[in-house]
Amino acid sequence: MSQKSNYKLMRGNTVVGEAAVQAGCTCYFGYPITPQNQLPEYMSRRLTEVKDGIFIQSESELSAINMVLGASVAGARVMTSSSSPGISLKQEGISFLCGCELPAVIVNMVRGGPGLGNISPAQSDYFQATRGGGHGDYRVVVLAPASCQEIADLTMEAFDIADYYRNPVLILADGMLGQMMEPVTFENYTPRQIPEKDYVLDGAKGRPSRINLSLILNPQQMEDHNWKLMRKYKTIERNETRYEEFMMDDAKLAVVAYGTAARIAKGAVKRARSDGMKVGLIRPITLWPFPSDIIRKRASKTDLFFVFEMSAGQMVDDVRLALEGRSEVYFHGRPGGIIPTPVEVLRIISRQYYQKELGE
Amino acid sequence: MKKVYARPKLLKDASMHYCPGCGHSIVTKLIAEIIEEMGLADRSVCVPPAGCAVLTYNYLDIDTSEAAHGRACAVATGIKRVLPDRMVFTYQGDGDMAAIGTAETIHAANRGERFTTIFINNAVYGMTGGQMAPTTLVGQKTTTSPHGRSVQNEGAPIPISEMIAILDGAVYIERTTVTSVSAVRNTKRAIKKAFTAQMDNLGFTLVEVLSPCPTNWKMNPLKSCQWIDEEMTQVYPLGVLKDETSGAPDREVANAD
């Protein structure tokens, strides 16, 4: 019998915390909000065991994200987390982090919205996450795990991506992933080579003084700064785009789904296959950069792209943009915190599959 | 010939954007002098948030991080916690400190964060063109209180320093001004004391400086100084609001009784 001694049964929210600590995160700032409270609770204990560990329960989300900015500019690996309404409040700080080109890891355990919404799992923050979310021309790298193991792997890598590109990285999961328990190992992580942090403000000892700012009053310099950011985002698009394909080789119908919705969809795809339907799954792992290339490539053999989201339809826009009319798109969504079953999704898939006469 | 005064080394060779008669330039120069005198040039980090204060990084030759409007105390918290042996200070105006950043200010003080806040109170929003500030005096005309601030509509001026003084985390709070040579020297003493208390790891320190804004007050510089001495100090009395810099042990003794 194989010994999985390095695996621990852990809850998604605490997996984020442990993965962060093991990736060298020493600072956490946050404000309580359901369904992610196990994460700050875990960090409040765990960071006392870490050298120079800092945990502050801030007075607001605004304050938390700005403490993140301070710790980041002081050179630390730093994280904050929240759920939808709290992430809305953090947008000001995220815009500043991007303008100042500072690394940070931000976790959004999405809940149903808009407004106070509810505390059920949802995917309705896709637009906010992938379009920047705050003011100005910027992008945040968005990682969408679909299991506790992937939460561990992506969280650890998130710190490297953030440091490497000097840009915030957002982990976009939901209440379901945050609350579920699965066996997890933290041994998959291979640290990247990170460039020296030549922007850190720690007192101008033996070097000229430094300034960290996003205020650029000269429009020409501001435009230059924006183009510099855009060139960085292009590099990220080239290097960091990630997705999973499942049973796509001969698929006539491709389900496109991420995170929790992708797990549900995978169950539906397996059932569809056992019913003889040529159905596959494309699961974006990075939501920004979005895996447009593979979707466009698959359009040559796939007749229908079936987008399934736990929202009223957000990622479906990116699928349409990727396809540029090359193939038909059908959307099925359940917003508001509803978690559909694989059987429900299968029913819709088979109806589309046979209505479009994909079954030969 | 004996040299009695020189330009502080930590003032960059740049002309300031501040209007003639503005108090900011005086305080900025004082900070440069103090950091130099205390030998903290290579250990200091300044956090100026949005407003007239933000361009401080063009003048002070030390590590400086801009902060969003109102968020200086949160940014400074992050920096100081990561670098506890550095001298960290925020340099904020009244709108930043007592309106949009009230929560950040109060809670940083309450946690006893070991940084210093230099609070420039000129009773208006300066950079945006003279709108009403939380510290605007009753009856004072601004671009958004054209008939004068009324208690009924806008409430009374917020005594933010007094509010902070009641918090255990704050150890030293003093209100000064820059309307005369002796007042400037007194402000220098107060800021130096705050920086020293911070480096002694005592708690949150704050110096509020009543500062002229001739442009937005529509007064000449002399009249502005007169207005501070005669009107502003009635609402914001000068002096030490709290000093536990030598009293920290006393508090323990008092508690022991």
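Me: Which residue in S4(A) is the bridge partner of A:Tyr28?
Reply: This model is predicted: local features need pLDDT of at least 70, side-chain atom pairs count only at pLDDT 80 or more, and totals for chains, interfaces and linings use all residues. Residue numbers start from 1 along each chain as its sequence is written, while chains are lettered from A and ligands numbered from 1 in the order in which they are written. Strands here are DSSP runs of E with at least two residues, helices are runs of H or I with at least four, and both are numbered from the N terminus. In S4(A), the partner of A:Tyr28 is A:Met79.

Me: In what sense do strands S2 and S4 of chain A pair?
Reply: Two strands pair if DSSP finds at least two bridges between them. S2 covers residues 27-30 of chain A and S4 covers residues 78-82. They are joined over two bridges, and the sense is parallel.

Me: Which strands of the open sheet in chain A stand at the edges?
Reply: Seven strands form this sheet, with mixed pairing, in the order S3-S2-S4-S5-S7-S6-S13. Each edge strand has a single partner, so one side of each is left without a neighbour in the sheet. The edges are S3 (54-57) and S13 (286-288).

Me: By what angle are neighbouring strands of this sheet turned against each other on average?
Reply: Axes are lines fitted to C-alpha atoms, for helices over the stretch in contact, and angles run from 0 to 180 degrees between N-to-C directions. For this average, direction is ignored. The turn is 20°.

Me: Which helix packs on the sheet, touching S4, S5 and S7 of chain A?
Reply: Its direction makes about 160° with that of S5(A). The helix spans residues 84-100 of chain A. This is H4.

Me: Which element gives the most to the side of chain A that touches chain B?
Reply: Contact means C-beta atoms, placed from the backbone, within 7 Å. By that rule, 31 residues of chain A meet 29 residues of chain B. H3 (61-73), H4 and S9 (211-212) of chain A each supply at least two residues of that side. The most, nine residues, comes from H3(A).

Me: Which residue does A:Ile211 stand opposite in S2(B)?
Reply: S9(A) pairs with strand S2 (residues 63-65) of chain B. The sense is parallel, over two bridges. Opposite A:Ile211 stands B:Thr64.

Me: What is the radius of gyration of chain B?
Reply: The value is taken over C-alpha atoms, and the globule rule is 2.2 Å times the number of residues to the power 0.38. With 257 residues, a compact globule would come near 18 Å. Chain B agrees, because its own value is 18 Å.

Me: How far apart do the C-alpha centres of the two domains of chain A lie?
Reply: Domain bounds come from an automatic or database domain assignment. The assignment gives domain 1 (8-240) and domain 2 (243-355). Their centres are separated by 28 Å.

Me: As what does A:Leu229 count, given its C-beta neighbours inside 10 Å?
Reply: A:Leu229 lies in helix H8 of chain A. A residue is buried if 20 or more other C-beta atoms, placed from the backbone, lie within 10 Å of its own, exposed if 12 or fewer, and partly exposed in between. A:Leu229 has 18 such neighbours, so the residue counts as partly exposed.

Me: How far is A:Leu229 from A:Arg139 in space, C-alpha to C-alpha?
Reply: Not counting residues up to four places away in sequence, A:Leu229 touches A:Asp137 and A:Tyr138. A:Arg139 is 90 residues away in sequence. In space, the separation is 8.8 Å.

Definitions and conventions. Two residues are in contact if their C-beta atoms, placed from the backbone, lie within 7 Å.
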